[in-house]
Amino acid sequence: MDISGGIQASLAGRYASALFSLARDDKQLAEVEASVATLRAALSESADFMAMTKSQTISRAAAEKVVEALSTTLKLDAMTGNLLGVLAHNRRLGQLANVLAAFDALVAAHRGEVTAEVTSAFPLTEMQIDEIRKQLKDRAGHSIKITARVDPSILGGLIVRMGSQMIDSSIKTRLNTLSQAMKG
């Protein structure tokens, strides 16, 4: 299935497509993918970095300096570092999370993988992730790449998003359903 047309329709998708094409053509897909994962982790773990990407008050020059320093600190490959610089220069850092997600989708499609986002209340072990991957592979018939997220507000259980499908077995949803049923 070719998803690149849909991805390229979005602003973030155009940046992701450019990064993917350059990395694939230069045979640096693995290095860029590792840098994208590092960048995604930094974005999710640092409230300051997330706030900086969303800020409209930071100047273009200051944003460029911050992302240049960040690229060095995180030891990002040159292509991913250049992407950050272009996003900062074009005042599009607010699109960074979307660019990273679109890049992941392009890489997964390139490899014939289906991406599944698994949200749990607590961090999952590798053994649990492997078991979920096996179950989803049996269901989808494709290789599965899992992106694990932690959201304590779901209280327990899992929420799995795979393409347009969503399986919500979270305790929060079950309690809400029970509450609605009791109201009559």
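**Exercise 1.** Find the bridge partner of Met 162 in β4, then describe how β3 is paired with its neighbours.

Solution. This is a predicted model.
- Step 1: Met 162 has Gln 165 as its bridge partner in β4.
- Step 2: β3 and β4 (residues 165-168) run antiparallel and are joined by four bridges.
- Step 3: Two residues lie between β3 and β4 in this hairpin. In the turn, Gly 163 has a positive phi of about 65°.
- Step 4: β3 (residues 158-162) also pairs with β1 (residues 113-120), antiparallel and through five bridges. Here Val 160 in β3 stands opposite Val 118.

**Exercise 2.** Work out how α5 and α6 are oriented to each other, and which residues make the contact.

Solution. 
- Step 1: The axes of α5 (residues 60-74) and α6 come within 8 Å and cross at roughly 165°.
- Step 2: Angles over 145 degrees count as roughly antiparallel, so α5 is roughly antiparallel to α6.
- Step 3: The crossing of the two helices is right-handed.
- Step 4: From α5, the contact uses Arg 60, Ala 63, Glu 64, Val 67 and Ser 71; from α6, Gly 81, Leu 84, Gly 85, Ala 88 and His 89.
- Step 5: Sorted by class, the contact has four nonpolar, four polar and two charged residues.

**Exercise 3.** Is Thr 80 buried or exposed, and which residues does Thr 80 touch?

Solution. 
- Step 1: Thr 80 belongs to α6 (residues 78-89).
- Step 2: Its relative accessibility is 0%. Buried means under 20%, so Thr 80 counts as buried.
- Step 3: Leaving out residues up to four places away in sequence, Thr 80 touches Leu 19, Val 32, Ser 35, Val 36 and Leu 39.

Technical notes: Residues numbered from 1 in each chain as written. Predicted model: local features only at pLDDT ≥ 70, side-chain atom pairs only at ≥ 80, totals over all residues. Heavy atoms only, no water. Buried < 20%, exposed > 50% of the residue type's maximum accessible area, 1.4 Å probe, protein only. Contact = heavy atoms within 4.5 Å. Axes fitted to C-alpha atoms, helices over the stretch in contact; angles between N-to-C directions. Parallel < 35°, antiparallel > 145°, perpendicular 65-115°, else oblique. Left-handed = near helix turned anticlockwise from the far one by under 90°. Nonpolar A, V, L, I, M, F, W, Y, C, P; charged D, E, K, R; others polar. Pairing = 2+ DSSP bridges.
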